[in-house]
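Let us walk through the strand pairings of this protein, taking one region and then another. Please keep the sequence beside the model while reading.

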Amino acid sequence: MAKSESENPYSKTVLLPQTAFPMKADLATREPKQIQTWKTEKTFSKMKEKRKDKPKFVLHDGPPYANGNFHVGHSLNKILKDIIIKSKSMTGFQTDMIPGWDCHGLPIEVQVLKNLGKEARNTSPTELRKKCREYAAEFVGKQGDDLTRFLCFWEEDNKYLTMAPGFEAKIVEVFGELFKKGYIYKGKKPVYWCIDLATAHAEAEIEYQNHTSPSIYVKFPIKGEEDSYCLIWTTTPWTLPANLAICFNEDLDYALFDGGEQGKMILATGLAETVATKTGVPLTKIRDVSTKDLKNMMFRHPFLDQDSIPLFGNHVTLEAGTGCVHTAPGHGTDDYRVGSLAGLPAYSPVDDYGRYTDEFPLMQGIKIWDANPKIVELLREKGLLLHYSEFQHSYPHSWRSKKPLIFRATPQWFFSIDHNDLRTKSLAAVDKVQWIPDWGITRIRSMVESRPDWCLSRQRNWGVPIPSFTCKSCGNTHLTADTIQHFIEIVKKEGIEVWYEKDAKDLLPAGTKCVKCESTDLKQDKDILDVWFDSGVSSFAVFGDSIGQEPADLYLEGSDQHRGWFQSSLWPSMGIRGVPPYKSVLTHGYVLDEKGHAMSKSLGNVINPTTDIIQLYGADILRLWVSTQDFRDDVKIGKDSIKIVSETYRKLRNTFRYLLGNTSVSAPPLKQEELEEIDAFYLSKLYNLTEDIKKFYATYQFHQVYQKLLLFCTVDLSQDYFEIIRDRMYCDAKESKTRKSSEYALSVILETLAILSAPILSFTAEEVWKESGKTDSVFFHDFPDLSRFKNEKVETSFLSVFQTKEAVQKALEEARQKGKIGKSLEAKINLVPKDADKNPLTSFTNEQLELTFVVSQVDLKNSSSDEEELAKHSTELYDIQVLKPKEGECPRCWRHTRDIGKEGDLCKRCKDAIR
């Protein structure tokens with residue numbers, strides 16, 4: 001305005017935005033109140049009730065361990081699921097969120113033992129289990145609070161815990177059904193074993209770290225031949241006491257080489273040069289050794305009085321070593337496989353804690369890692385160590401103890417992956433599942449193809465017991481379908497703890513006898529089920545038999561779960577139901593720091609979702625960050641990136657604030673034909689936006705939802721539309737047709753944006769919804785159908801207007817740079833068509849163009865000479881002149897209109913508006 005507001009008598013007649021919606025969100029303080037309101041008003045329950053007759057969409061929540069508070073990776077996972085549940089509901093589906101918690105297993109038991117300290121030794125198994133149950137319950141509560149604070153919808157009385165009585169009974173029930181179908185067996189074979197925790201490990205409990213191992217070349221004497229040997233290479237000297245064979249490959253060429261003082265040695269011809277280089281021992285070929293020759297040989301153990309037989313297998317390659325593989329069937333999967341075919345036992349003279357047993361008296365009681373150098377020295381003393389060095393390689397470690405694992409043969413319970421052609425059927429089934437991203441099918445297929453039988457038993461206390469018994473008389477294991485079913489019925493009535501509280505006779509059907517010796521004196525075994533089996537049967541426990549007919553629509557977890565929960569859920573479902581438990585599987589990447597490094601306390605780069613984000617910025621900022629990420633790949637987060645997101649949020653919030661300030665609760669809807677063209681144009685654009693966002697929600701591309709919303713709010717609205725209609729909204733008469741048209745358009749935009757953003761910005765959308773005068777929840781409303789606003793004709797016609805506007809703005813900026821104008825309303829635009837037949841703006845009135853270009857006057861005519869030219873610009877269609885209007889400025893609207901008489905007079909529009 002020409003004068004300051006305090007001096008301008010018309011300032012109070014301008015219709016400025018009016019809203020109580022605060023510019024400062026204060027999310028950290030205000031969100032908890034909204035959470036309480038949602039809880040009090042049962043918003044989630046009502047949201048579900050409103051869609052109870054709609055088609056179902058089932059997202060099955062994978063259970064996190066009830067151990068520690070949620071970290072930023074959890075927040076990504078849980079918020080993604082919440083966005084999906086809310087967006088599917090608002091798309092018109094019946095949805096639910098039943099969050100789960102994995103309550104048994106090693107992580108919890110280890111932490112409880114750590115907390116007990118020295119008292120752990122005096123704690124009975126029953127007391128330990130009680131403390132584990134209490135510990136898990138405590139963290140279910142804490143993680144539940146985290147989930148709520150993430151603004152995720154769920155209900156306290158609608159969750160699943162793997163330690164709940166009904167769930168524990170279902171675990172045994174599914175185990176029993178698999179046993180009945182022949183998938184469960186007990187055998188002695190090598191499994192990953194942690195000597196620090198004295199228990200077997202599942203594939204999904206393994207992580208690979210760099211490890212330095214001894215690398216030794218060992219000579220096995222050839223029986224009956226002087227100074228002749230078979231040369232093997234190994235990085236596990238401690239397994240040599242368990243050696244029973246040497247394995248060759250019938251497709252490889254072998255030869256006897258002269259090693260000088262080291263004697264004559266058999267090895268693969270293709271590796272002779274490499275071995276000579278690594279050991280420093282020159283090798284001269286003497287003669288070829290055929291497969292027949294090898295089969296007729298016998299080898300002597302290098303330091304035990306026993307033979308080592310020749311075997312053959314395809315796992316022997318020329319990738320490393322000598323082509324002659326030291327084989328200990330009790331300490332390797334390939335070793336076990338070829339050894340079993342030859343009738344060799346799975347011999348392992350190592351106890352649960354990695355100490356040699358009396359089967360290897362020379363080093364009885366010594367831990368295997370301590371034995372490595374002793375065995376190397378023993379070989380050196382016997383003259384059978386050709387070469388020693390150290391070798392750094394990727395080696396399996398326990399994800400819990402962080403210590404190296406070993407392969408060790410122990411009696412365990414297994415799930416047979418190939419029984420009843422299950423592997424083949426599962427491969428065919430996963431091909432029919434939708435894997436997102438699509439590379440997921442490659443990963444899951446490779447794991448299904450190669451996975452060994454699933455070791456189900458664990459040697460721990462905290463878990464669901466495998467209901468097997470041992471005969472005290474003969475040591476035979478006793479487990480039948482009848483004894484399992486009998487135990488299931490007891491568990492359903494009395495709970496799983498009866499296994500530890502009652503005698504075996506009280507847990508078995510009356511008259512049960514050992515099938516081997518018919519003794520009735522049996523005792524319970526101590527193994528528990530792998531915790532991955534617990535979570536793997538969650539679809540049975542949560543959804544019951546319904547999943548048999550219709551699998552869950554979606555599983556969503558981290559990309560590491562192809563070898564974890566996606567598999568542990570697949571096998572029981574395929575074994576019992578014959579179908580996978582899911583139709584689609586969506587994965588997200590890891591959360592890394594801003595430099596792309598994994599987070600760790602030692603690096604000091606950990607971002608805590610609660611203290612570093614929610615308590616400072618609010619959960620909506622965390623949720624908005626989640627929506628900015630293409631989560632299919634690894635994502636990065638840091639304090640700087642959260643600040644940037646908070647700035648973006650402020651732009652979105654200001655858009656809502658403008659919309660609220662310029663709309664009235666009582667504004668009546670208008671008919672299509674009553675809309676001004678500019679308003680019809682932006683409502684048509686809103687329709688396009690809505691359809692795009694619906695598509696991106698449906699395909700889980702939330703980063704595209706974010707980009708589309710941000711672009712529409714900051715460019716289409718704030719930069720263009722709001723600027724275009726500002727004069728109309730502020731200065732037209734309140735009841736004028738033009739202002740009512742824009743106000744109606746703004747109200748539709750406001751309502752639509754609130755609904756579209758609600759799955760992501762849950763607090764803010766609800767806040768906007770209530771501030772706009774609505775009394776219900778935004779989550780009770782579906783994504784709108786705005787097809788009535790689609791207007792291709794208006795979109796096409798306005799295309800040329802906005803193309804011309806870009807050029808007009810360049811000309812205005814030139815005038816501004818010259819100091820000729822300040823605001824654009826100080827200018828008049830003259831558009832001079834270069835070709836009268838190519839003038840697309842003729843269908844628009846001057847007033848429409850003035851509104852769109854945000855200038856005081858627009859003319860479409862030949863060049864004017866009686867007005868001062870301030871700047872000019874040229875396009876393919878027009879020569880554009882920026883002129884200085886001859887008319888004075890209206891003190892109310894700042895425009896220089898043709899109807900202004902003398903300086904200080906109001907324009908006609910403003911006179912009419914204030915009457």
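Strand β1 (residues 59–60) runs parallel to β24, and the two pair over 2 bridges; strands here are DSSP runs of E with at least two residues, helices are runs of H or I with at least four, and both are numbered from the N terminus, while two strands count as paired if DSSP finds at least two bridges between them. Within this pairing, His60 stands opposite Tyr555 in β24. The model is a predicted one, in which local features need pLDDT of at least 70 and side-chain atom pairs count only at pLDDT 80 or more, whereas totals for chains, interfaces and linings use all residues. Residues are numbered from 1 along each chain as its sequence is written, and side-chain values use heavy atoms, with hydrogens and water left out.

Strand β24 (residues 552–558) is mostly covered, since 7 of its 7 residues are buried, that is, under 20% relative accessible area with a 1.4 Å probe and protein chains only, where over 50% would be exposed and values in between partly exposed. β24 also pairs in the parallel sense with strand β25 (residues 582–588), over 6 bridges, and here Leu554 stands opposite Ser584 in β25. Together with helix α18 (residues 565–576), β24 and β25 make a right-handed β-α-β unit; right-handed means that, with the strands pointing away from the viewer, the path from the first strand over the helix to the second runs clockwise.

Strands β8 (residues 245–248) and β13 (residues 307–312) are parallel partners over 4 bridges, with Ala245 opposite Ile309 in β13.
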